[in-house]
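Subject: Structure handover

Hello,

Here is the structure we talked about. Please open it alongside this note, which goes through what was found.

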Amino acid sequence: IREGDDWNLRRAMWLIFPAAIFTLASYIFPFIYWPEMMNYPFFLHLGWLPYKDWSMVYTPILPYTLKYFYDLFGYTPASLHLFGTILGAVTIGLVTLKTRSFFAALFFLLSYLAFGGNSVWFDIFLTPLVLLIYFSPTPAFLFSLCVLTKQTSFYILPPIFLSVLKKPLWFLVLILLFLVYLMTNNILWDFYNWGVKFVFLLPGSGNILLPTLKQSLAVLTFLAALALTKNRKAIIFSSFTLLFAVPRFDFFHLIPFLAIFTTAVSKKPILFLLPLLVVLPLLFKTYQLGNRFLEPEVLKISQELPNNKTIFSLNGPDQIYFLAKIPPAVRPWVDQLPWQMEYAKDNYYQAFVKAKPDIIITRPYLKTPIQGLGAYKPVKIWEFVSQNYKIIKVYADGTQILERN
């Protein structure tokens, strides 16, 4: 019995070790503080309703989970980092458990960091669920959690359709509860507008970001290694997870794919070598970017904003609301993304001129957009701003503070 207990302890330590390495690495490696992961829970904390009071285009499990986490640990960037660290450690621990390979877990850890996984985002939050779905004979409950985290999780339904049909009760129950939530809060139509129509029925061309040639070759390298495993289930299932990167490609959308890839290739670890040649330069590039969306200048601005005046970020740093603990003056609030502002059109303008924010935080518009961002100027709103606001301060990074006349 003692020998068996000792063996189980050593096995447990072996499984925990990669997660412990990630926990340390998470605070050494740069973290991505996505503004949505700060603002959305903050809006919920204020009593705002998704889809109605702001343009949320995702299903709500993650924002609510973060809201309750912030309630416990405080509405600070440090809390978001802690949540991301726990999420990453759990994901890496699960990959270690499924592969029982330290080398595979190490490959996943490095790839996770390289792909932008040291963060919190919908696809990253989905990864443990997707991995459990892959191994589950009856994944209906887990699949419903995925759909209620990000509705485009329906993309992975084809390879698991028959398995979901085996025991669909929990899927139906959770979807029904979500509909009750929408109807109780009188936001069913608002959800259709932003969570269904905008996402599935009206994909604007400005919302599309295709992978570059280098990014495409990187993905093909992973697919080639996966094909050599001859694991038909992994090849089919992981191919559908690639759809999480539609319509705007970025590597962090592929972390669910990365988890399935790692478990499949772990039985032939030699196949990790070629993808590793892709991961290491990407790891270095991601490290060079540093912490994102928590620049010193943005923190300085958030500390200097008056808390007795209404504010609005117009082409400025959206994370300012969370950092300053001041809600947007304009409600319903539209995320400062060209395709969302264009979709809202006159409703967005009417809400803005009705609110008349005391303070506007803005940055000069770019002549050429970067990944489709930074150059879209809502003309009618800026006509109103130019007539009614004056610049009172300019920061070193170009951020301007405007005050209403």
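Pro 332 sits in the loop between α16 (320-324) and α17. Helices (H or I, at least four residues) are DSSP runs, numbered from the N terminus. The peptide bond joining Arg 331 to Pro 332 is cis, with omega about 10°.

Before going on, some ground rules. This is a predicted model: local features need pLDDT of at least 70, side-chain atom pairs count only at pLDDT 80 or more, and totals for chains, interfaces and linings use all residues. Residues are numbered from 1 along each chain as its sequence is written, and side-chain values use heavy atoms, with hydrogens and water left out.

There is a cis bond from Val 246 to Pro 247 as well, with omega near 10°. Pro 247 lies in the loop between α12 (232-241) and α13 (255-265). Arg 100 is not a glycine, but its phi is positive, near 50°. Look for Arg 100 in the loop between α4 and α5 (102-114). For background, most residues other than glycine have a negative phi, and most peptide bonds are trans.

**The second largest pocket**

Pro 332 comes up again here. The second largest pocket has 17 lining residues, and Asn 193, Trp 194, Pro 332, Ala 344 and Asn 347 lie nearest its centre. A pocket is worked out on a 1 Å grid over the protein atoms alone: it is an open set of points where a 1.4 Å probe fits, with protein on both sides within 12 Å along at least five of seven lines, and lining residues have an atom within 4 Å of a point. The space in this pocket is about 300 Å³. That volume is the space filled by probe spheres set on the points, which are joined across faces, edges and corners. Helices α10 (188-201), α17 (338-344) and α18 (346-355) each supply at least two residues of the lining. By class, the lining has 11 nonpolar, 4 polar and 2 charged residues. Ala, Val, Leu, Ile, Met, Phe, Trp, Tyr, Cys and Pro count as nonpolar, Asp, Glu, Lys and Arg as charged, and the others, Gly among them, as polar.

**Helix packing**

Start with α4 (residues 77-99) and α6 (residues 122-135). They pack at about 20°, with axes 9 Å apart. Axes are lines fitted to C-alpha atoms over the stretch in contact, and angles run from 0 to 180 degrees between N-to-C directions. The angle therefore makes α4 roughly parallel to α6 (under 35 degrees; over 145 is roughly antiparallel, 65 to 115 roughly perpendicular and the rest oblique). Their contact divides into 10 nonpolar, 2 polar and 1 charged residues.

Next come α11 (residues 213-228) and α14 (residues 273-289). Their axes come within 9 Å and cross at roughly 160°. So α11 is roughly antiparallel to α14. Ala 218, Thr 221, Phe 222 and Ala 225 of α11 meet Leu 274, Pro 275, Val 278 and Val 279 of α14; contact means heavy atoms within 4.5 Å. This contact has 7 nonpolar, 1 polar and no charged residues.

Last, α2 (residues 35-45) packs on α3 (residues 61-73) at about 75°, with axes 8 Å apart. That makes α2 roughly perpendicular to α3. The contact includes Met 37 and Tyr 40 of α2, and Leu 62 and Tyr 70 of α3. By class, it has 10 nonpolar, 1 polar and 2 charged residues.

Best wishes
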